[in-house]
Amino acid sequence: MLEYLHLTGAPAFSQVTVTKIGPLKPVNFIFGPNGSGKTTISRALADPGRYSGTTLGWLSQAPTPSVRVYNRDYVVDTLQQAHLPGVFLLGKKDVEIQAEIEGLMGPSGSIAAAMKRLAGLEDALAKKQGEIDSTRNELKDAAWSKRTAVPTELGTMFTGYNNNKENLLAHLLEVAAANPTVSETFDPLKAEAAAVLADDATPFAEFPLGSQLHLEDAPGFELLATPVVGSADVRLAPLIQQLQNADWVEHGRDHLSQSPELCPFCQQKVPIDLAEQLDAYFDKRYSEQINRVEQLRDHVETWAAGWSSYFESLPVQPGAKQHLNAEKFQTARMQLEQVVAQLTTTIAAKLTGPSTVLEASSPRAAVEAVNTVVGEANNSIKTFNLRLQSRATAKKALLGRCWVVFARQTIAAEVGRYEGAMPSLTKGKEGIDEAISTAVADLGTKRTRLSELQSQVTSSKPIIDKINRLLDAVGFHTFQLAESAAVQDGYSVVRAGGEVVGDTLSEGERTFITFLYFAQSLEGAAQDSSEPNDLIAVIDDPISSLDSDVLYAVSTVIRRIVAGIAAGTGRVRQLVLLTHNAHFHKEVTYKRQGDKDGGWQYGIVRKRSGQPSDVILTSANPIQTAYGALWDEVKRMTREPSAPASGLQNTLRRILETYFRVLGGVDDSTIITNFEGEDRTICRALFSWVNAGSHSIFDDLDYSPTPTTVEGNLRVFRRIFEVHGQVGHYSMMMGETAMGISDSPKPGPA
């Protein structure tokens, strides 16, 4: 559809650089007096290249509709030949072909039905697309809002998507399609992010492993499972062995030295050689064994102290927080500390009772458990350091995994709903697309068939028949068209009584015939594939001095075009109607009950002296009657006395003529006598213009009064109504009734 016209360099608009006429609507009624530039506008629409710099603006670039223009140029071009050439080049008189053509292109024909079906499918496609868009928007909004659920360390994954919801959704759908499941969470990815995403990340040193205790190789370890006792060669040995109290006896030796004559326990006299017997029993071998057990104790305590320091220092080393599994490390530590405590207790018990046979558990498994956790941390550090060395590649891989977790975990429910709904929606859309393709092909086939039929005929008779049917449809019976007997494929104008009109065809009838020819040319399908199917009709002054019957007929045809635009039938998609006739404008713009509004708009072309014409568009009809239009001009000049006032005197004299002379039968000389001085001169001048008649040269006179004469003319014009007692009519027409004017009008014109 045409949106606007930039008009440059045309005669009526030559004093401006660019005049924009628009925005236009489907139906545009533009009113303007003769000479205001209406024909110039129609010529610019017919041929934008006619005036340099003229351009047409379109709402849609493709396909561009074809502009058909009716104006005085069209009338001259159409009637310069002796006959009307067939618009559709119809010629075969075969009834079957004519019937097939009517079946294709008639209002209820198969082409119209195919277009209707295609329109219905396009509506269904739009509805289905709306459902798809709604489903997409639901997921898009969910993804947009749940970005905050991603850990801060991984927020870089949304770089490039934070300012565009559609791009975010597109990438999300791509990730979801490629990754139906996910096997990880964000937690391990956060550790990787420290190396991959942090700009200040540095390598970490690996943690040392804890030392292993080879208990079986430690000095004195074998003595734990062996009783440490004295020499068997001593006389007391059998008794000590029988009582199994060697450890008690050993501890009692310290007390014996403090009581050399009496036994510290039984208080009996001690044998003279008891001390010697005991020293002989606990000989050098015994002492050496005890010493070895003490060495074992010292060895284990040193090893345990190293582990204690290790346990305290490792968790605070660089990288431990990121790579060491604190929970697993604490568990392994507790297990090793328990083993160490048990081993220490066992050795202490051996020293307390050397003869006791004890078993000690090896800490090897507990040490390996701790070192396994540390080894895992070291593996994590190695991976971390390797990622640092190839950060760009690792970053891309990490962010890709982050997107998978986001799609399949964070918004898994929303993605699932989308994936569940989209297959049926997409399948439905594909079905409609296929049906549209079929409908387009069917419509193309029908139009091709119509072109084939049209190419088979050359006679203008079908056009003559169409125009005659059009005349009957609008109730016009003054004349009809008939095939010419003198010129092949020509036509004749025949009066109601059968008289063939020769040179007596009036200008109005010639204009009317060409208008009907133009109207019927808007019907039917495009003649070839290069011609757009959609049309824009531009009609410039289809009536001039026509009588009321023709005016009604023309307005009826135009109203049918307007109705077709509103209903979306036919080829015409937009209408631009230009006229200078207020009665015709009123007739064609009248909205009857039930009329559809196809997007109407009204315009006025206002001519200004020494300046380009104005084209003012409005949604309200500014032209009600010619008489009201004249008063609108007076109101405009009253509000804007400094505005250009070309034709003001002509406007004032036409109001005075209509109201006082035609309707009221008032003698203007009587009115003039009520004025004195300069006002009488102005009054006489106004009535002199009245006496010049309604169709004098003043209609086209380019006269530019000064602001002073404008003010004087308007003042005297009002006083004429006042002195004749008609100020009430003046106030009503000027819209001043609500301003409190209370003059009681004397009897006068209605």
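I looked up the largest cavity and found a volume of about 50 Å³, where a volume is the space filled by probe spheres set on grid points that are joined across faces, edges and corners. A cavity is here a set of points, on a 1 Å grid over the protein atoms alone, where a 1.4 Å probe fits but cannot get out, and lining residues have an atom within 4 Å of a point. The structure holds one cavity of 30 Å³ or more. I noted Leu-5, Ile-21, Leu-24, Ile-30, Ile-41, Leu-45 and Val-576 as the residues that line the largest cavity. By class this lining has seven nonpolar, no polar and no charged residues, with Ala, Val, Leu, Ile, Met, Phe, Trp, Tyr, Cys and Pro counted as nonpolar, Asp, Glu, Lys and Arg as charged, and the others, Gly among them, as polar.

I am working from a predicted model, in which local features need pLDDT of at least 70 and side-chain atom pairs count only at pLDDT 80 or more, while totals for chains, interfaces and linings use all residues. Residues are numbered from 1 along each chain as its sequence is written, and side-chain values use heavy atoms, with hydrogens and water left out.

I recorded 25 helices and 12 strands, which are DSSP runs (helices H or I, at least four residues; strands E, at least two) numbered from the N terminus. Of the 750 residues, 43% count as buried, that is, under 20% relative accessible area, with exposed meaning over 50% and partly exposed in between (1.4 Å probe, protein chains only). Among contacts (heavy atoms within 4.5 Å) between residues at least 6 apart in sequence, 76% join residues at least 24 apart.

I found Tyr-51 in the loop between α1 (38-46) and β4 (55-58), buried at a relative accessible area of 9%. Tyr-51 lies 44 residues from Leu-7 in sequence, yet their C-alpha atoms are 7.6 Å apart. I then placed Ser-355 in the loop between α12 (326-352) and α13 (364-389); Ser-355 is partly exposed because its relative accessible area is 21%.

I found zero disulfides, a disulfide being a pair of cysteine sulfur atoms within 2.5 Å. Cys-402 is buried at 0% relative accessibility, and Cys-683 is buried with a relative accessible area of 0%.

How values were computed
On a 1 Å grid over the protein atoms alone, a cavity is a set of points where a 1.4 Å probe fits but cannot get out, and a pocket is an open set with protein on both sides within 12 Å along at least five of seven lines; lining residues have an atom within 4 Å of a point.
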